[in-house]
Amino acid sequence: MISKTKIKYIQSLARKKKRTTERVFVAEGPKVVGDLLSVLPALAVFATSDWMDDHHHQCGQRAELTEVTNEELRRISFLQHPQEVLAVFPQFTDKTDKSAVSTHLTIALDGIQDPGNLGTIIRIADWFGITDIFCSLDTADIYNPKVVQATMGSIARVNITYTDLPQFIDSLPANVPIYGTLLDGKNLYNETLSTTGLIVMGNEGNGISSEIRRRITHRLLIPNYPQGRETAESLNVAIAAAITCSEFRRRQMPRTNK
């Protein structure tokens, strides 16, 4: 049984200020919690008896385990349809190596505001083997429960760093390519794409900020189809990120003879 104090505490973690003060975040569902438990010990786990019977051994010795009913889980869950387990984890220690931009393909997020978009981009990065994301200081909080859920566990495998983005880009070696998707860019499918560098994705409404735009060295355009026909004004930023990352990785795949 879960106490009223615990219910109030978990509900308070919906607020960024509380999460920051406590240095914790909430994850829900067997997939997300399971992936996180493989890399990070939980502080507290609230789960149904079925989940607890099968997975309690994964929680570690220090985790506070509380068996709850489905009704109790609904009271503490941030989801419309709770999924067996909710866990409280310590926030990650920043392990991002900023020199990764010189040796790997990385992503920068410039003012992404929608939690669903942010979580989806983290999931996309994980799918395409991009392990480092650099976020502007005004990008949404990765520990927002909606972000954590949208990553579907990928938050456990992608390093995320919040930084002064213009200052960070200025600190990079001059030969590091800075890519950005812009309406006045050149066709993504015709351009030379490197195996290293930084792909910048901009704000949902305003795109890449003027301050960052000035620092883009390779301006890319995802062309619509067919050319010359009126289409949607723009793409959702997460979809644009998926298309861009896919093309970068496609260029790196070895050609096979059929």
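**View A. The largest nonpolar core of this predicted model has 51 residues.** Trp51, Phe89, Leu109 and Ile133 have the most contacts inside this core. Helix H11, residues 237-252, gives the most to the core: six residues. In soluble globular proteins, nonpolar side chains tend to be buried together.

**View C. Trp51 and its contacts.** Neighbours within four places in sequence are left aside here. Trp51 then touches Pro30, Val33, Leu37, Val45, His56, Cys59, Glu84 and Val85.

**View D. Helices H7 and H11 pack together.** H7 spans residues 115-127. The axes of H7 and H11 are 9 Å apart, at an angle of about 15 degrees. Angles under 35 degrees count as roughly parallel, so H7 is roughly parallel to H11. The crossing of H7 and H11 is right-handed. From H7, the contact uses Asn117, Thr120, Ile121 and Ile124. From H11, the contact uses Val237, Ala238, Ala241, Ala242 and Cys245.

**View E. The buried residues of helix H3 and their cover.** Helix H3 runs over residues 30-37. Its buried residues are Val32, Val33, Asp35, Leu36 and Leu37. What covers these residues includes two strands, E1 (24-28) and E4 (85-90). The cover also includes helices H4 (49-55) and H8 (145-151).

Conventions. Residues are numbered from 1 along each chain as its sequence is written. This is a predicted model: local features need pLDDT of at least 70, side-chain atom pairs count only at pLDDT 80 or more; totals for chains, interfaces and linings use all residues. Side-chain values use heavy atoms; hydrogens and water are left out. A nonpolar core is a set of buried Ala, Val, Leu, Ile, Met, Phe, Trp, Tyr and Cys residues joined through side-chain atoms within 4.5 Å. Buried means under 20% relative accessible area, exposed over 50%, partly exposed in between (1.4 Å probe, protein chains only). Helices (H or I, at least four residues) and strands (E, at least two) are DSSP runs, numbered from the N terminus. Contact means heavy atoms within 4.5 Å. Axes are lines fitted to C-alpha atoms, for helices over the stretch in contact, and angles run from 0 to 180 degrees between N-to-C directions. Angles under 35 degrees count as roughly parallel, over 145 as roughly antiparallel, 65 to 115 as roughly perpendicular and the rest as oblique. A crossing is left-handed if the near helix is turned anticlockwise from the far one by less than a right angle, and right-handed if clockwise.
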